[in-house]
Amino acid sequence: MSSQRTDTVGSVVEGPWTAEADAPAAVPGASARHARPVAAHIVERPRLLALLDEGREAPVTLLTAPAGWGKTLLAGSWVSGRSDGRAVSWVTLGPAVDDDAAFWAALAHAVGTTAGPATAGALAALGGPVSATGERPGIFAGALERAVRPVVLVLDDLHEVTSSTVHEGLLRLVERPVPSLTLLITTRRDPPWPLARLRLAGLLTELRTTDLAFRDDEAVALFDQLGVPATAGQIEEMVARTDGWAAGMRLAALDLSAQDDIAGAVRAFSGSSHSVADYLLTEVLERQPPELVAFLRTLGTVDLVCADLVDALTGRDDGERMLAELAASHLFVQALGRPGRWYRLHRLLLDLLRARPAPPRVRRELHRRAAEWFRQHGMPLEALRAAVRGGLWPLAAHVVGTHLVPLVLRDSAREVERILADVPYPVVLEHPELATGLAGARIAEGRTTGVRALVDAARARAGTLSESRRQRLGVQHGLIEGASARAAGDLEAAVRAYRGVPLDVARLGRWRMAEARLIPVIVLGNLGAAEYWTGDLHAAAGHLAEGCELAGAPALPHLNADAHLALLAWERGELAAAENRALAAAGVAAARGWSRTPQAAPAYLTLARIALDRDDLDGADPWLARLADVEEIAPEPHVRLAQALVLAARRDATGDREGALKGLRATAAELRPWTPPRRLEEEWVLAEAGLLARGGNRSAAETLLDRLGPPQSGTGLVAATHLRSCLDELWADGPVHATLADAVTSDHPRLRATAGIVGALAAAASGDEERALACLEDALLTAAPFGLLRPFLSEPALAGLVARRVDRGTAVPTFAVDVLERLRGMPADERARQRGRLDPLTERERTVLRYLASTLSNAEIAAELYVSVNTVKTHQRAVYRKLGVSGRRQAVRRARALDLL
């Protein structure tokens with residue numbers, strides 16, 4: 001036969017519905033009821049065949065899905081190639097076999113010629129009169145026990161059978177399985193069987209729409225086979241639009257194959273496309289009663305429904321029953337794993353239902369009911385969507401005005417913008433809350449396009465609102481102003497904007513601002529961040545910590561505060577604390593999909609700076625790359641400049657001073673005419689001046705210092721003092737120490753260590769070695785607990801002074817020797833070998849070593865230990881050998897580096 005069958009996309013795409021020439025079940029004269037499908041254009045889907053293979057041990061395998069999901073041809077494909085020598089019998093069910101006698105006679109006819117003469121003879125009894133209806137399943141089972149080989153019986157389209165008697169008989173066969181029989185059943189709806197009990201008993205294997213849905217790689221194979229020149233991204237989009245529905249995928253491919261503009265056709269594809277609409281109408285909607293179609297159209301008002309929402313839309317009280325029945329019948333209604341028993345219609349069916357004309361009054365009323373229901377049940381995004389779809393602009397404005405802050409903070413900013421994009425722009429400008437909502441959504445995504453015009457339009461019409469709504473609007477405008485200023489790098493303006501936002505939660509609540517407790521969290525975190533960049537570190541620490549401590553804060557503001565607290569810890573030089581906080585923030589960003597948000601950038605910046613401080617230059621690169629990813633999407637000029645400073649320091653550390661200077665200047669040129677905040681400007685100018693000075697361009701460095709003027713930050717003061725002393729060659733010990741008096745007593749390890757280094761260099765240059773060594777010891781003691789290497793490594797002239805400090809002894813020998821070895825350029829592998837080369841010292845050798853660190857002679861040591869001088873010398877030689885040194889002074893220095901003294 002050559003008639004087309006509609007349910008023909010699965011393991012195969014589509015083809016003529018015929019009997020296989022060698023199919024045992026297709027006996028001469030058999031009707032099409034016993035033919036199994038043969039199809040051209042096969043799309044191999046091994047995973048589905050493997051699922052059927054895994055389920056063959058169960059007596060019954062059930063393929064349940066709506067029309068067009070490829071159930072029939074998947075079954076046909078499997079029995080054709082994977083039956084493992086078992087006899088295959090096929091029955092296509094329909095109204096003609098929807099009674100007990102006809103049903104079992106059809107099964108007997110299908111199985112009779114494949115299972116052997118004894119089985120055929122026993123089955124003949126089903127063709128005649130049977131004394132009791134309930135005997136037929138027993139006769140069929142008894143006959144199968146005589147089969148010469150196992151039988152696979154395919155029952156195609158079981159949904160066509162409505163007879164309760166037939167289903168009762170089939171269920172008997174399932175619950176008391178015949179070892180020689182495997183049932184493979186396709187159906188558009190669940191049979192009236194106790195499926196949960198059958199699953200628990202291990203009697204049932206199931207494949208449903210989630211299994212049958214095309215995956216991206218399978219869709220690529222389908223499109224390639226049909227010669228559709230679509231990209232992988234376009235095919236993924238089609239899979240998403242069709243939910244992987246097999247018939248929809250093929251119809252889409254056929255549509256696209258006739259299009260010149262594939263990209264445009266993909267964007268325009270929906271359930272109202274001609275071929276898809278025709279299929280859904282003929283195979284789904286036209287087969288349903290008119291009242292059910294009307295019910296589905298009501299459901300199509302919203303994307304997701306539950307029983308209470310259905311009742312609100314229809315004015316009835318049977319929503320729960322109707323939804324359960326629709327889901328059980330697999331009529332393109334899917335139950336979702338959400339609280340409250342939520343359901344959704346298939347996307348393409350939803351498109352088709354929404355494209356069919358409906359009276360405007362009815363449409364608006366349904367959307368109003370939906371929006372009110374969502375609003376009352378704490379689902380503002382869905383309420384906004386329903387109000388916009390219904391053209392209910394005042395209601396949409398009320399929803400977005402009330403819920404804007406929580407919406408844009410909880411991963412919904414992009415969706416809010418998409419929803420409001422469907423509102424005509426003049427309407428947006430006419431409603432202050434809609435204009436503010438669109439501005440807030442954009443700024444939350446890190447974009448400032450059109451934000452100023454939207455806020456200005458909202459302010460111009462704010463007088464049309466009630467007092468509470470006007471006050472609420474003012475709060476939102478303050479938040480938007482602050483975020484806009486931060487994005488533009490105007491940190492002083494950001495501080496002013498955030499300081500103007502009220503933080504009294506009770507007051508905010510009176511203005512009907514949803515989740516008013518979020519406002520202080522947002523304001524304090526962003527205020528602290530802006531204060532950090534403007535140099536008010538004390539205020540920044542207080543506001544950031546307070547923002548983090550507020551209970552119930554959402555993760556995005558917490559990420560912002562945590563990342564900036566990490567920066568503050570790095571600023572102080574507390575590397576371990578900074579690293580722990582920054583890594584935690586980066587982990588949260590990765591887990592929540594916020595890796596490329598501005599809130600994550602300070603964490604990456606911190607980790608890159610820490611890597612430089614620890615002399616792990618390569619370790620800085622991955623974090624700099626992540627920072628670049630953020631700046632590509634949501635650039636902030638102050639972060640870009642800070643990134644350029646880290647990159648310049650990294651290049652300078654490898655000796656590429658020219659590349660460091662060139663890169664820093666290029667970034668500064670790109671950022672013009674932006675003016676950085678004073679603290680960041682000091683860091684930038686001093687870094688550039690330092691590069692120039694070390695490169696021999698003293699006059700250019702001096703010009704920059706003169707243009708900068710007196711530094712305002714402690715860090716800037718130390719760096720400028722050091723640089724001017726180098727340029728003027730005026731290492732006057734007294735003036736330098738007077739200038740650094742506050743810095744050397746600071747409780748910030750970085751500032752204190754750096755000031756100690758500068759003081760040590762100044763004292764050494766003036767000939768006061770004792771003071772130089774004392775200043776250096778203080779710097780080493782301050783930096784060692786934090787592993788703060790970079791301040792020392794930035795000063796190659798320190799090498800000799802550090803060596804003398806190690807020779808004289810230090811309280812942190814391991815750290816001091818590590819600094820010295822790095823200053824001398826010792827490779828990392830050599831440093832590791834030096835530390836791993838030591839043989840264990842005996843207790844007596846350790847005692848001798850302690851005396852070697854004193855001023856006693858060998859004879860005096862021998863007297864102290866009551867041993868001979870030769871014995872002391874023997875132990876001394878063993879100590880030298882194990883420490884890898886040749887003399888007493890080297891032994892003491894090496895022992896201190898290894899914490900043996």
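**Cavities, pockets and salt bridges**

Analyst: The model is predicted. Let us begin with the lining of the largest cavity, which consists of 25 residues, with Ile-443, Ala-444, Ala-483, Asn-526 and Gln-599 lying nearest the centre.

User: How many cavities of 30 Å³ or more are there, and what volume does the largest cavity have?

Analyst: A cavity is a space where a 1.4 Å probe fits but cannot get out. Here the count is six cavities of 30 Å³ or more, and the largest cavity has a volume of about 510 Å³.

User: Which helices supply the lining of the largest cavity, and what classes of residue does that lining have?

Analyst: At least two lining residues each come from helix 20 (393–409), helix 23 (432–444), helix 25 (467–488), helix 28 (518–534) and helix 30 (555–572), and helix 25 gives the most, with six residues. By class, the lining has 17 nonpolar, six polar and two charged residues.

User: What should I look for in the second largest pocket, and how do its lining residues divide by class?

Analyst: A pocket, unlike a cavity, is an open set of points. The second largest pocket holds about 560 Å³ of space, and of the 14 residues that line this pocket, Asp-303, Arg-385, Arg-389, Glu-415 and Ile-419 are the closest to its centre. Helix 19 (380–389) and helix 21 (413–420) are the elements that give two or more residues to this lining, with helix 19 providing the largest share, five residues. The lining divides into six nonpolar, one polar and seven charged residues.

User: How many salt bridges are there, and where in the chain do Arg-136 and Asp-100 lie?

Analyst: A salt bridge is counted when a side-chain nitrogen of Lys or Arg is within 4 Å of a carboxyl oxygen of Asp or Glu, and by this rule there are 53 salt bridges. In the pair Arg-136 and Asp-100, the closest N and O atoms are 2.7 Å apart, and the pair links helix 5 (residues 135–144) with helix 3 (residues 100–112), the two residues being 36 residues apart.

User: Are Arg-136 and Asp-100 buried or exposed?

Analyst: Buried means under 20% relative accessible area, so Arg-136, at 10%, counts as buried, and Asp-100 is buried with 8%.

User: How does the pair Arg-414 and Glu-445 read?

Analyst: The closest N and O atoms of Arg-414 and Glu-445 are 3.2 Å apart. Because Arg-414 lies in helix 21 and Glu-445 in the loop between helix 23 and helix 24 (451–460), the pair ties together parts that are 31 residues apart in sequence. Arg-414 counts as exposed at 52% relative accessibility, whereas Glu-445 is buried at 18%.

Methods:
Residues are numbered from 1 along each chain as its sequence is written. This is a predicted model: local features need pLDDT of at least 70, side-chain atom pairs count only at pLDDT 80 or more; totals for chains, interfaces and linings use all residues. Side-chain values use heavy atoms; hydrogens and water are left out. On a 1 Å grid over the protein atoms alone, a cavity is a set of points where a 1.4 Å probe fits but cannot get out, and a pocket is an open set with protein on both sides within 12 Å along at least five of seven lines; lining residues have an atom within 4 Å of a point. Grid points are joined across faces, edges and corners, and a volume is the space filled by probe spheres set on the points. Helices (H or I, at least four residues) and strands (E, at least two) are DSSP runs, numbered from the N terminus. Ala, Val, Leu, Ile, Met, Phe, Trp, Tyr, Cys and Pro count as nonpolar, Asp, Glu, Lys and Arg as charged, and the others, Gly among them, as polar. Buried means under 20% relative accessible area, exposed over 50%, partly exposed in between (1.4 Å probe, protein chains only).
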